[in-house]
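Please open the model in your viewer and keep the selection panel at hand. The tour goes from one selection to the next and says what is found at each stop.

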Amino acid sequence: MKAFGAANPETTRQAAWLNARPVPASFAGVDYWGVHAYTLTNANGDATVAKLKWVAAAGQLGLSDDEAKAKPDSFYADELKERLSQGPARFDLVAVLAETGDTTNDPTVAWPEENRKTVKLGTVAITALEPDATCDAGTFDPVVDLPEGVAGPADDPMFAIRSPAYAVSLFRRTN
């Protein structure tokens, strides 16, 4: 792994990013980013390139290393069940707008997080957990399941190969 990482440094970017932050304390207390740049087109035909991000309403909830080590293996699921018994877990869907020079053809390159123009697109409230069988019966494919007005990156070679990977994942979960 070390030799592979040295020969392919782009594959180490996510681990470096994660290692610079605390272990999340909750599924509901961490933001989730899409790695691809999408083109969002409004009803007037105006197009904007953006990356999409789910922002946790609970804020960024982290654990110290000692706290993380003391948690049982199932603590994320247990914590989420308890949290949902008290009310929904909410996330805002935010478009992080591209700026001149932003990379759109390499999902391993993160855009700078500081001083970015963002647009809130909506909010989702998670109110309950579904059984694994419900979720395992299907898959969301961000290549083909995009709504009208949203287009994937035409210049990102990793985007197109996601569909076959999701098909393999669905096959393995259902067989």
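Helices (H or I, at least four residues) and strands (E, at least two) are DSSP runs, numbered from the N terminus. The model is a predicted one, in which local features need pLDDT of at least 70 and side-chain atom pairs count only at pLDDT 80 or more, while totals for chains, interfaces and linings use all residues. Residues are numbered from 1 along each chain as its sequence is written, and side-chain values use heavy atoms, with hydrogens and water left out.

Select Lys53 to begin, a residue of strand S4, which covers residues 47–56. Lys53 has a relative accessible area of 16% and is therefore buried (under 20% relative accessible area; exposed is over 50%, partly exposed in between, with a 1.4 Å probe and protein chains only). Leaving aside residues up to four places away in sequence, its contacts (heavy atoms within 4.5 Å) include Asp31, Trp33, Asp92 and Val94.

Next, select Tyr38, Leu40, Ala50, Leu52, Leu93, Ala95, Leu97 and Phe159, the eight residues of the largest nonpolar core (a set of buried Ala, Val, Leu, Ile, Met, Phe, Trp, Tyr and Cys residues joined through side-chain atoms within 4.5 Å). Strand S3 (38–41), S4 and strand S6 (89–97) each give two or more residues to this core, and S6 provides the largest share, three residues.

Then move to a second, separate core of six residues, among them Ala56, Leu80, Ala89 and Phe91.

Finally, show the whole chain, which has seven helices and eight strands and of whose 175 residues 21% count as buried.
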